[in-house]
Amino acid sequence: MRFEVWAPHAADRVTLRLEGADVELERDPGRGAGWWSVEARASGGARYGYALDGGPVLPDPRSRRQPDGPDGPSALVDHRAHHWRHGWAGRDLRGAVLYELHIGTYTGAGTFDAAAEHLGHLVELGVTHVELMPLCPFPGTHGWGYEGVSPWAVHEPYGGPEGLKRFVDAAHGHGLGVVLDVVHNHLGPSGNHLPPFGPYFTDTHRTPWGSAVNLDAPGSDEVRAYLLESALSWLRDYRIDGLRLDAVHALADSRALPFLEELSAAVDDLAALLSRPLFLIAESDLCDPRTTAPRAEGGLGLRAQWNDDFHHALHTALTGESQGYYADFAKAPLAALAKTLTRAFFHDGTYSSFRGRVHGRPVDRTRTPAHRFVGYAQTHDQIGNRATGDRLSQSLSPGLLACAAALVLTSPFTPMLFMGEEWGARTPWQFFTDHQDPELAAAVREGRRREFTSHGWAAADVPDPQDPATRDRSCLDWTEPARAPHAGLLAWHRELIALRRAQPDLSDPDLAALRVAYDEEARWIAYRRGDLRIAVNLAAEPARIALGAGRVVASWQRVAAPDEDGTLCLPPESCAILSDV
């Protein structure tokens, strides 16, 4: 087989170490400047690496497998050898209900195979796609995945490449699509062996992680190709249906053709080649509709983007929290919620006190379908980036959790749940790491404590990310769904998702068609979606809402139809969905 590596930083020599034997590579001008290649006999599973100018043997930058972790040798993977059990025509994002899942804490075992045993639960829930948090190798066994390296490889403790393929195949066999969270804006601080090979990073820009990934400085053509081809590999070789792109606002890219636009075009080309739908979802805090606008209209062409503004409005309405970026939303949370339901972004050219400047851009509601925005009440970030990783279920009543579910699952957006949210899981989801470098482990531990003690937390109350118990506490408790009040919340989520699937009005992408009313003081909000009306009472007292005639098709607690005057009496912390027909 042919071994090739881009190593422009190598002065005179690149050596392949293959199963203990050394083979010298030759410069390959036909492949491009900085490329080296050689042909050698090898088979799947063979261990190898590259030594530059007589230095230590390093993993292949394009390694498909790191069986001994980020610092060990690479291993060959023959993707053609895997036997796929299920054919798969794909599942598009439009009409989807997403479910964010972390392999390492979805079960105590923390593996692909263990997670696959619960796919039947997701089918019964009614979601359409599983969104996996990052899977690239990182130090140790347990972590969130955002400090991964080797962006072509799969974390070995989860099950490696074969484990991921088994999981995807099983999900497809259940009719579930699979989305993968990928990180292009940085690599982890430990196990990153790219710099000796070439200019993968640049000091032209600085990011929260240090030097920026090189998307626009000298040598960036090959770096962009490296990231683009790794993204396509997930979609092609693992049959992934879509990618969630982490924090695209942190991609420093000044070139005329943005990397994201180039990537979206390549994904569309691959979808045409494979004859199945593929898509990209951005995490972006820019509040910029151009992220998902079609390329032909001057946009980047991504299919959807996370909508944190909807989350922030909903969170403040539910909890009353007003710290940090919640401040602007908390001034009038139901007004903020109403604005996001009808205009997607709260900050659409308005002043952001958190940023100290005007932020965002208006969404053209006549040309932008609502399904381009992902709506949610909880995510890994919004839970795990709290000091103790507390979910909404640890502070809200079952009734308010049911209201949150109704607002997400009847919204005009593409809804998403975070694992365990469907039954009101009481387990926290905390920040945990497994760094093998003692100095880095200490720095992460102290940095986490310093961050939250500055906001008033006692250092002893901030979990130690390196303590194995922190990860263990974050694993779902699969005995909860059968117990009260969890069973009732699970049934409610199933009912709402089934209703969304059965009622086309709930997936209508027309933002301009949604009509909303609310009472900030009485803490209720109601909105119309076609022939359906959704009424939500967040107050601790009953609410009387003038809705007009209609029949109740779903409700949390027993709710009578509106009286002769068309007034709906909604119990405290409850919600109802009514139909005109």
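Reader: How many bridges join strand 9 (residues 98-101) to strand 10 (residues 129-132), and do these two strands run parallel or antiparallel?

Author: In general, the strands of a sheet pair through backbone hydrogen bonds, and the pairing is either parallel or antiparallel. In this structure, which is a predicted model, strand 9 and strand 10 run parallel and are joined by 4 bridges.

Reader: Which strands close into a barrel, and in what order do they come?

Author: The barrel is closed by 8 strands in the order 9-10-11-14-15-16-19-20, and their pairing is parallel. If direction is ignored, neighbouring strands of this sheet are turned by 30° against each other on average.

Reader: What is the strand order of the open sheet, and which strands stand at its edges?

Author: The open sheet has 3 strands in the order 1-5-4, and here the pairing is antiparallel. Strand 1 (2-6) and strand 4 (26-27) each have a single partner strand, so they stand at the edges, and one side of each is left without a neighbour in the sheet. Between strand 1 and strand 5 (residues 35-39), which run antiparallel, there are 5 bridges, and valine 5 has tryptophan 36 of strand 5 as its bridge partner.

Reader: At what angle do helix 7 and helix 11 pack, and how far apart are their axes?

Author: Two packed helices are described by the angle between their axes and the distance between the axes. Helix 7 (residues 308-319) and helix 11 (residues 398-409) pack at about 155°, with axes 11 Å apart. Angles over 145 degrees count as roughly antiparallel, and helix 7 and helix 11 are therefore roughly antiparallel to each other. Their crossing is right-handed, and the contact is made by Phe310, Leu314 and Leu318 of helix 7 together with Leu400, Ala404, Leu407 and Val408 of helix 11. By class, these contact residues are 7 nonpolar, no polar and no charged.

Reader: How does helix 7 pass helix 9, in a left-handed or a right-handed crossing?

Author: Helix 7 and helix 9 (residues 333-343) pack at about 150°, with their axes 8 Å apart, and they are therefore roughly antiparallel to each other. The crossing is left-handed. Among the residues that make this contact are Phe310 and Leu314 of helix 7, and Leu337 and Leu341 of helix 9; the contact as a whole divides into 9 nonpolar, 2 polar and 1 charged.

Reader: What angle and distance describe the rings of phenylalanine 112 and phenylalanine 167?

Author: A pair of aromatic rings is described by the distance of the centres and the angle of the planes. The structure holds 24 aromatic pairs. For phenylalanine 112 and phenylalanine 167 the ring centres are 6.4 Å apart and the planes stand at 45°, so the pair is tilted. This pair links distant parts of the chain, because phenylalanine 112 belongs to helix 2 (residues 112-116) and phenylalanine 167 to helix 4, 55 residues apart.

Methods
Residues are numbered from 1 along each chain as its sequence is written. This is a predicted model: local features need pLDDT of at least 70, side-chain atom pairs count only at pLDDT 80 or more; totals for chains, interfaces and linings use all residues. Side-chain values use heavy atoms; hydrogens and water are left out. Axes are lines fitted to C-alpha atoms, for helices over the stretch in contact, and angles run from 0 to 180 degrees between N-to-C directions. Angles under 35 degrees count as roughly parallel, over 145 as roughly antiparallel, 65 to 115 as roughly perpendicular and the rest as oblique. A crossing is left-handed if the near helix is turned anticlockwise from the far one by less than a right angle, and right-handed if clockwise. Contact means heavy atoms within 4.5 Å. Ala, Val, Leu, Ile, Met, Phe, Trp, Tyr, Cys and Pro count as nonpolar, Asp, Glu, Lys and Arg as charged, and the others, Gly among them, as polar. Two strands pair if DSSP finds at least two bridges between them. Rings of Phe, Tyr and Trp (its six-membered ring) pair if their centres lie within 6.5 Å; planes under 30 degrees apart count as stacked, over 60 as edge-to-face and the rest as tilted.
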